[in-house]
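Here are a few notes on the aromatic contacts and the nonpolar packing, as promised. Have the model open while you go through them.

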Amino acid sequence: MSRVIHSRQEKRKLYKKLMITIVAVAAFCIVLAMVFRVIDRQKLRAQQAYETELGVVTLNGKKYVPKKNIETYLFMGIDSYDKVEKVTDYDGGHQNDVLILMVRDISAGTFKTMAINRNTITNVKSLDLDNSYLGETEMQIALAHSSGDGLEASCENTVDAVSEYLHGQEIDGYAAVNMGAIGTINHMAGGVTVTIEDDFSEIDPDLKQGETICLTDKQAEEFIHDRWGVADETNENRMHRQSVYMTELKRLIKEKCQQSSTYPLDLYESVQDYMVTSINKSKFSKLALLVAKEKDEGEVSVDGTVGTDELGYATFEPNEQSLEAAIAELFYDCLLYTSPSPRDRSVS
């Protein structure tokens, strides 16, 4: 009998020890989990602080860091054949017909361009004639220039709209040139040669479809600006022609800059009555000569949907993934690591 009692007592002791061990192990696991959770939180905070310090952004699900040594310029073609002048009565004129962004990667010695569809729907500020802020509305980006004084305020309003469209990217300088300067620019380039892909018979019978010709100054205006009576009359078709023209124009201007260091000054002076710019003559000349030595890495494009709004005006709704891909290509490099090094983990 005593042996049975003794055996029961030993079992109870063993069971008690086992339960204590189980509780101790469970408690240790809980504490360990809490420690790891604290460590993970610290790592995450350090990671987030480190990425914030680097300026990391997420585009299309991937992380990027800003390129360190770039310059961004916006070139505008204004729908006016007159010399620039201050607007005294708002009439809805002087819109952006052409918007071309140039991004220089100074470290790489390259540059890329991106044409922005004038019908792109984005947030645009409305300005009164005294340049005071009235409000902000989603509308065609072309209308940004039609607000304000027709001079610097209108250009800066366009810069703001383009920056907004590009998720806040900074633009270092701008030049807005009235369409009346097209002929002068074409003449200064020695005439631009293009292949006529569309039917221009209603505009100019000398612009024969299928032929490759050196455009006269008047024909350059028609080729770049006109769309009513040409092909499907869409802005997208005209943008294609503008891209064809600009590709050859860039090549010709690059050659002339390489041949003569004074050519940029001559070009600047020839169009200055038709131009509003934040780039002074000296900076323009230096920039042109630098770009002439850099590699043109081509044009970045953004896909989207063409349509019309409730008033029947043309619209272009950019595909967000395509837009983010373009922004990444122009302004960012891929983040090649996902965590700070041990010596950087003190960042908080």
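1. Start with the charge over a ring: the charged end of Arg227 sits over Trp228, 4.3 Å from the centre of the ring. Keep in mind that this is a predicted model.

2. Now the ring pairs. There are 2 aromatic pairs in the structure. In one of them, Phe200 and Phe223, the ring centres are 6.1 Å apart and the planes meet at 20°; the pair is stacked because that angle falls under the 30 degrees cut-off.

3. Where do the two partners, Phe200 and Phe223, sit in the chain? Phe200 belongs to the loop between β9 (193–195) and β10 (212–214), while Phe223 is in helix α4 (residues 217–225). They are 23 residues apart, so the pair links distant parts of the chain.

4. Buried or exposed? Phe200 has a relative accessible area of 1% and Phe223 has 2%, so both count as buried, being under 20%.

5. Phe223 is worth a click. Beyond its neighbours within four places in sequence, Phe223 is in contact with Val194, Ile196, Phe200, Leu215, Arg241 and Tyr245.

6. On to the cores. The largest nonpolar core has 39 residues, and Val192, Val194, Ile196, Leu215, Phe223 and Tyr245 have the most contacts inside it. Elements giving two or more residues to this core are β4 (96–105), β8 (173–178), α4, α5 (235–259), α6 (263–271) and α7 (281–293).

7. Another core, of 34 residues, lies apart from that one; Leu74, Val162, Leu323 and Leu330 are among its members.

Definitions and conventions
Residues numbered from 1 in each chain as written. Predicted model: local features only at pLDDT ≥ 70, side-chain atom pairs only at ≥ 80, totals over all residues. Heavy atoms only, no water. Phe/Tyr/Trp six-rings, centres within 6.5 Å; stacked < 30°, edge-to-face > 60°. Helix = DSSP H or I, 4+ residues; strand = E, 2+ residues; numbered from the N terminus. Buried < 20%, exposed > 50% of the residue type's maximum accessible area, 1.4 Å probe, protein only. Lys NZ or Arg CZ within 6 Å of the ring centre and 35° of its normal. Core = buried A, V, L, I, M, F, W, Y, C linked by side-chain atoms within 4.5 Å. Contact = heavy atoms within 4.5 Å.
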